[in-house]
Amino acid sequence: MTRALFQQLLFFFLPFAAFFVYLLIRQRNPLAFEHWERSIPPLAIAGLVLVVAALVYTGAVAPRATGVYQPPSYQDGVVTPGRFE
């Protein structure tokens, strides 16, 4: 769960990092607020688009188990995990 959260955060902050690198390449001060004040809304929208695209892609290609689900059970003093049959 934590890995999935960090992946989505990475996708959200990717446009901000790219803009930061762009400012460095153009030899401008990337910490100056004047460069960021008009750029934050479009960068946030681009980040949200990337997050949504990543979620849709993950949902489309994620492996899905088929069959009948057998819930976890307790047999002979041992808990057997749930599984698909």
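**Briefing on the predicted model**

Gln8 is part of helix 1, which covers residues 2-25. The model is predicted.

- Gln8 has a relative accessibility of 17% and counts as buried, because the cut-off for buried is under 20%.
- Leaving out residues up to four places away in sequence, Gln8 is in contact with Val51, Ala54 and Leu55.
- A nonpolar patch on the surface is formed by Leu5, Phe6, Leu9 and Phe13. Together these residues have about 410 Å² of accessible area.
- Leu9, one of the patch residues, lies in helix 1. Leu9 is partly exposed, at 36% relative accessibility.

**The largest nonpolar core**

- Which residues make up the largest nonpolar core? There are 6 residues in it: Phe16, Phe19, Leu23, Trp36, Leu43 and Ala44.
- Two or more residues of this core come from each of helix 1 and helix 3, the latter spanning 40-61.
- Helix 1 gives the largest share of the core, 3 residues.
- Phe16 belongs to this core and is buried, with 15% relative accessibility.
- With residues up to four places away in sequence not counted, Phe16 touches Trp36, Ile40, Leu43 and Ala44.

**Aromatic residues**

- In the whole structure, a search finds 6 aromatic pairs.
- One of them joins Phe12 and Phe16 in a tilted arrangement, with 5.7 Å from centre to centre and 45° between the planes.
- Phe12, Phe13 and Phe16 belong to one aromatic cluster. Phe13 is also among the residues of the surface patch.

**Loops and positive phi values**

- Most residues other than glycine have a negative phi.
- Gln27 is not a glycine, yet has a positive phi of about 60°. Gln27 is located in the loop between helix 1 and helix 2, the latter being residues 33-36.
- Is Gln27 buried or exposed? Gln27 counts as exposed, with a relative accessibility of 74%.
- Asp76, also a residue other than glycine, has a positive phi near 55°. Its place is the loop between strand 2 and strand 3, where strand 3 is 78-80.
- Asp76 is exposed at 81% relative accessibility.
- Pro71 sits in the loop that links strand 1 (69-70) and strand 2 (73-75). The relative accessible area of Pro71 is 46%, which makes it partly exposed.
- Pro71 and Pro81 are 10 residues apart along the chain, and their C-alpha atoms are separated by 7.1 Å.

**A charged pair**

- Side chains of opposite charge can pair when their charged atoms come close.
- How many salt bridges are counted in the model? The count is 1.
- Arg83 and Glu85 form a salt bridge, and their closest N and O atoms are 3.1 Å apart. This pair qualifies because the distance of 3.1 Å is within 4 Å.
- Arg83 is partly exposed, with 38% relative accessibility, whereas Glu85 is exposed, at 54% relative accessible area.

Methods: Residues numbered from 1 in each chain as written. Predicted model: local features only at pLDDT ≥ 70, side-chain atom pairs only at ≥ 80, totals over all residues. Heavy atoms only, no water. Salt bridge = Lys/Arg side-chain N within 4 Å of Asp/Glu carboxyl O. Buried < 20%, exposed > 50% of the residue type's maximum accessible area, 1.4 Å probe, protein only. Helix = DSSP H or I, 4+ residues; strand = E, 2+ residues; numbered from the N terminus. Contact = heavy atoms within 4.5 Å. Core = buried A, V, L, I, M, F, W, Y, C linked by side-chain atoms within 4.5 Å. Patch = residues over 30% accessible without salt bridge, like charges linked within 9 Å, V, L, I, M, F, W, Y side chains within 5 Å. Areas by Shrake-Rupley, 256 points an atom, 1.4 Å probe, with all protein chains shown as cover. Phe/Tyr/Trp six-rings, centres within 6.5 Å; stacked < 30°, edge-to-face > 60°.
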